[in-house]
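This briefing covers a sheet, one of its strands, a helix packed against that strand, and a loop residue. The sequence and structure come first, followed by notes grouped by topic.

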Amino acid sequence: MNEELQQLLHTIRHNIADQEAESAASAHLDQLTKPPGSLGKLETLAIRLAGITGKIQPEFTQRAVIVMAGDHGVCAEGVSAFPAEVTPQMLYNMLEGGAAVNVLARQATAEVICVDVGVNADVEHPSLISRKIRKGTANMAQGPAMTRDEAIQAILAGASVAIDAVERGHRLLVTGELGIGNTTASAAVASALTGQDPSQLVGRGTGIDDAGLERKMDVVRRALKVNQPDQTDGLDVLSKVGGLEIAGLTGVILGAASRRCPVVLDGFISSAAALAARSLEPQSAYYLLASHCSHEQGHAAVMKELALEPLLQLDMRLGEGTGGVLALHLIDSAACIMREMATFSSAGVSGKEVASS
């Protein structure tokens with residue numbers, strides 16, 4: 001394995017959860033002017049944030065959505081309702097601030113960072129971070145999507161962008177992606193890493209019809225049969241049936257985890273990347289927060305595999321990081337509760353009376 005990647009994984013391995021901060025956060029929540037546990041998932045979230053950051057009252061005034069963009073050779077198999085040319089077109093739209101993730105990120109005061117890790121076009125824009133490994137993957141239904149070294153390069157590209165964002169002051173990251181055909185690759189990655197049948201994981205993606213869904217399922221099965229990815233090796237899976245942006249998101253997760261920075265997962269593609277990150281370093285999963293459960297069929301199964309409970313259920317399946325950005329409002333709420341809510345003592349309220357009311 002690449003030495004730089006080994007060092008990254010080594011750092012994460014030694015970043016253990018701050019159990020003292022978790023215990024202190026739990027105790028603080030029980031002193032607030034409310035019945036114990038009455039804020040439900042917000043309390044669970046507050047405790048998790050304390051364990052990740054080591055702070056009982058964290059603040060996330062600077063946060064970013066990192067959108068990794070890449071194309072997929074498997075689109076030649078007719079797995080998408082949109083042509084591959086849409087990827088660079090949508091990337092330009094995003095760079096100009098016109099995509100859904102831009103709108104929602106502005107509302108949530110989050111920066112949108114666009115990264116070209118494998119778009120099959122020459123994209124130039126002053127706001128674009130170019131980390132292009134190659135112009136799109138090969139057709140995974142006929143052979144490996146990329147080489148093992150290319151997968152490593154994409155992971156390290158994502159990690160470097162995440163680490164740079166943290167070093168610039170961002171304390172909370174959201175995973176985003178862009179790439180026609182990426183639900184096909186994500187289903188293949190998820191199937192390879194979980195052992196679940198493609199029929200449980202392949203969804204309609206951009207909105208294909210029943211015939212398209214059957215064709216997509218067949219393509220995923222062919223890709224798995226042709227490539228025989230090793231379930232125990234996340235790198236092998238990414239290189240054979242993954243995508244450059246999926247590998248890039250794997251790196252974003254690993255880079256954030258190495259800096260004890262929470263990572264908010266968006267939808268199915270981000271969650272497939274999380275499976276790959278967990279395969280490379282199990283400890284990375286502790287830094288994940290699930291934003292929503294998308295309408296894409298396989299997402300719920302992957303969330304269950306990752307033992308994550310999404311904060312939202314909105315039947316979304318757009319990607320880009322849109323669901324992740326919406327979850328920022330709930331994360332802010334959990335953090336504000338910890339910082340601003342009065343305790344029984346400070347408010348002069350009897351805890352016993354309130355708890356029993």
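Contact here means heavy atoms within 4.5 Å. In that sense, the buried residues of helix α4 pack against β1, α5 (100–107), β2 and β4. The model is predicted, and the points below describe it by topic.

**The sheet**
- Six strands form an open sheet in the order β3-β2-β1-β4-β5-β6, with parallel pairing.
- At its edges are β3 (129–130) and β6 (288–290), each of which pairs on one side only.
- Strands of a sheet pair through backbone hydrogen bonds, in either a parallel or an antiparallel arrangement.

**Strand β1 and its neighbours**
- Strand β1 spans residues 63–70 and runs parallel to β2 (residues 111–118), to which it is joined by seven bridges.
- On the β4 side, V67 has G176 as its bridge partner.

**Burial of β1**
- Eight of the eight residues of β1 are buried.
- In a regular strand, side chains alternate between the two faces of the sheet.
- One side of β1 carries R63, V65, V67 and A69, the other carries A64, I66, M68 and G70, and all of these are buried.
- Both faces of β1 are therefore covered, given that buried means under 20% relative accessible area.

**Helix α4**
- Helix α4 covers residues 86–95, and its buried residues are V86, T87, P88, L91, M94 and L95.
- An α-helix has 3.6 residues a turn, so residues three or four places apart point the same way.
- Just after α4, G97 has a positive phi of about 85 degrees.

**Loop residue M341**
- M341 lies in the loop between α13 (322–340) and α14 (344–347).
- Its relative accessibility is 23%, so M341 counts as partly exposed.
- Leaving aside residues up to four places away in sequence, M341 touches L32, T33, K34 and C336.
- M341 and L29 are 312 residues apart along the chain, while their C-alpha atoms are separated by 9.3 Å.

Definitions and conventions: Residues numbered from 1 in each chain as written. Predicted model: local features only at pLDDT ≥ 70, side-chain atom pairs only at ≥ 80, totals over all residues. Heavy atoms only, no water. Helix = DSSP H or I, 4+ residues; strand = E, 2+ residues; numbered from the N terminus. Buried < 20%, exposed > 50% of the residue type's maximum accessible area, 1.4 Å probe, protein only. Pairing = 2+ DSSP bridges.
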